[in-house]
Amino acid sequence: MTTTQAPLVDLKGVGKRFGAVRALDSVDLMFQAGECLGLIGHNGAGKSTLMHILAGTLRADSGALLMAGADVRSGYSVQVARQHGIRCVFQELSLCPNLTVAENTRLMCPALRGLGWRRKAGALIVASLDSIFPGHGISPGAVIADLPIGQRQMVEIARAFTCVDEHLALVILDEPTSSLDARVAEQLLRHVRRYVEGGGCVVLISHILGEMLATCDRIAVMSDGCVVDVRAASAFTHASLVESMGSMDSKAHAASQVFVSKRDSQPAVVNQRPARQRNQHTVAAWAGEIVGLAGLAGQGQSQWLVQLLRERVAKGLPVALVAGDRQTDGIFNLWSIAENITISSLAALRHGPLIDPAAEQTMAAQWQQRMGIRTPDMNSPILSLSGGNQQKALFARALASDSDLILMDDPMRGVDVGTKREVYAIIKDEASRGRTFIWYTTELEELDHCDHIYVFRDGQTVADMARDQLSEAQVLRSSFQEEVA
């Protein structure tokens with residue numbers, strides 16, 4: 001990385017407010033060619049707002065946005081950002097679900113015109129996918145809605161690195177590995193390093209600290225709308241990075257507790273055979289147990305959770321789901337935060353034939369406090385929250401319900417390390433009261449919080465192990481090798 005050249009972008013005193021909420025407070029930050037800049041902080045710290053300003057989708061209220069020494073803040077837009085070679089992959093994906101992969105590529109490449117543009121767009125996006133994600137298996141004619149979320153994220157990322165008659169200087173990746181398994185995430189991070197070493201600039205936002213320390217050249221830490229620390233990545237350790245983000249209750253991190261099996265003579269709450277299982281093996285869960293579903297992304301874990309959800313609902317049995325793809329499967333975009341939380345608990349909020357507004361507000365306030373949802377008003381729209389705080393609201397919805405079985409479909413996407421630990425503690429507390437959790441996760445370290453783990457491959461379980469038998473090597477080995485009969 002060359003540090004003596006002029007920065008691609010230099011933000012000076014940038015501020016942004018949304019009504020009473022101060023999202024950014026006098027932020028100074030430089031972006032250099034030939035570096036990967038990491039941006040980290042708790043949910044609601046201002047990271048995504050800052051990147052929206054850099055990408056031109058939001059306008060700063062104050063400060064300067066300097067490019068080549070000139071302040072371009074006045075009149076800055078997405079078009080101006082693209083003219084300066086700036087692209088962004090936002091945490092909430094922007095692909096059109098009813099269009100194909102090639103058609104979505106055309107939307108970002110207006111220079112593709114005339115006869116044969118679909119073929120050209122398809123060739124471009126496949127070349128980008130091949131470069132970043134070898135062996136991706138994505139067809140340019142595939143409709144986006146038919147792809148699993150991990151492949152949708154791969155398409156969005158590959159599209160950002162695709163250019164026709166444009167130069168590319170800076171790519172913003174906001175939680176780019178949140179829906180990718182470890183193997184595909186590693187492919188992406190290797191591509192980031194290749195791109196940076198070729199003179200490009202990448203801004204990487206991630207709550208996976210190991211990714212940040214291994215991939216970034218510099219790391220900027222944000223808190224409450226301010227940049228509070230900027231250092232070379234090599235100057236941080238895992239512990240110092242967490243400390244820089246703000247102190248957290250260390251007692252919430254309980255992954256190393258002594259394992260005690262909850263499987264006894266009582267009948268299982270769940271004992272379900274996956275639809276594609278070729279033998280008689282089932283996924284079983286007992287009362288008070290946290291069961292993990294592991295394996296590479298797209299191997300049937302989410303489908304099995306949906307299968308279980310539908311069968312429980314058909315039988316009239318209580319069940320709650322915390323969706324990882326919150327925009328598609330989780331939040332009600334036009335409703336308030338309070339309404340999104342209480343929708344699964346309406347029977348408990350009834351006063352005669354109507355819903356009691358006071359009871360609804362009381363429940364929402366209780367879960368705001370317990371989950372630490374950062375907002376001055378629970379009646380604000382759900383989309384006023386950061387992505388991580390939206391995810392907290394989905395957890396609150398499930399836990400506020402009367403369901404004894406909670407299904408979690410890779411629910412920690414875009415959730416910061418401090419919030420994760422708080423949620424882990426709440427899950428363990430609820431499990432100790434007899435609730436059962438079935439948790440699909442793409443993060444191997446989260447399996448340490450589970451009592452029992454099932455590894456999926458090709459839509460079926462190929463290994464099951466208690467937590468005291470868990471090892472990363474065993475999970476990875478099972479992910480690539482079918483069970484030996």
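In this predicted model, the lining of the second largest pocket is made up of 11 nonpolar, 19 polar and 7 charged residues. The second largest pocket holds about 940 Å³ of space. Its lining counts 37 residues, and those closest to its centre are T49, S384, L385, S386 and G387. Strand β2 (21-31), helix α1 and helix α13 (387-400) each contribute at least two residues to this lining.

The buried residues are K47, T49, L50, M51, I53, L54 and A55. Just after α1 comes G56, with a positive phi of about 90°.

The largest pocket has a volume of about 1,100 Å³. Lining it are 47 residues, with L147, P148, I149, G150 and R152 lying nearest its centre. Two or more residues of the lining come from each of α5 (149-160), α6 (182-197), α9 (301-314) and α10 (326-329). Sorted by class, this lining has 20 nonpolar, 17 polar and 10 charged residues.

Across the whole structure, 3 cavities of 30 Å³ or more are found. The largest cavity has a volume of about 90 Å³. It is lined by 13 residues, and A182, G295, L296, T442 and L444 are the closest to its centre. Helix α15 (residues 472-480) gives the most to this lining, supplying 3 residues. The lining of the largest cavity comprises 7 nonpolar, 4 polar and 2 charged residues.

Strand β13 (residues 290-294) is joined to strand β19 (residues 452-457) by 4 bridges, and the two run parallel. Here L293 stands opposite Y454 in β19. As a general point, strands of a sheet pair through backbone hydrogen bonds, either parallel or antiparallel.

Most residues other than glycine have a negative phi. E175, although not a glycine, has a positive phi of about 55°. E175 sits in the loop between β7 (170-174) and α6. D458 likewise is not a glycine and has a positive phi of about 55°, and its place is in the loop between β19 and β20. Are these two residues buried or exposed, or partly exposed? With a relative accessible area of 5%, E175 falls under the 20% limit and is therefore buried. D458 has a relative accessible area of 32%, which lies between the limits of 20% and 50%, so D458 is partly exposed.

The cysteines complete the picture. How many disulfides does the model contain? The count comes to 0. C201 is in no disulfide, and the nearest cysteine sulfur, that of C36, is 7.8 Å away. Because a disulfide requires two cysteine sulfur atoms within 2.5 Å, that separation rules out a bond under this criterion. C201 is buried, with a relative accessible area of 0%. C450 also counts as buried, at 0% relative accessibility.

Note on methods: Residues are numbered from 1 along each chain as its sequence is written. This is a predicted model: local features need pLDDT of at least 70, side-chain atom pairs count only at pLDDT 80 or more; totals for chains, interfaces and linings use all residues. Side-chain values use heavy atoms; hydrogens and water are left out. Buried means under 20% relative accessible area, exposed over 50%, partly exposed in between (1.4 Å probe, protein chains only). On a 1 Å grid over the protein atoms alone, a cavity is a set of points where a 1.4 Å probe fits but cannot get out, and a pocket is an open set with protein on both sides within 12 Å along at least five of seven lines; lining residues have an atom within 4 Å of a point. Grid points are joined across faces, edges and corners, and a volume is the space filled by probe spheres set on the points. Ala, Val, Leu, Ile, Met, Phe, Trp, Tyr, Cys and Pro count as nonpolar, Asp, Glu, Lys and Arg as charged, and the others, Gly among them, as polar. Two strands pair if DSSP finds at least two bridges between them.
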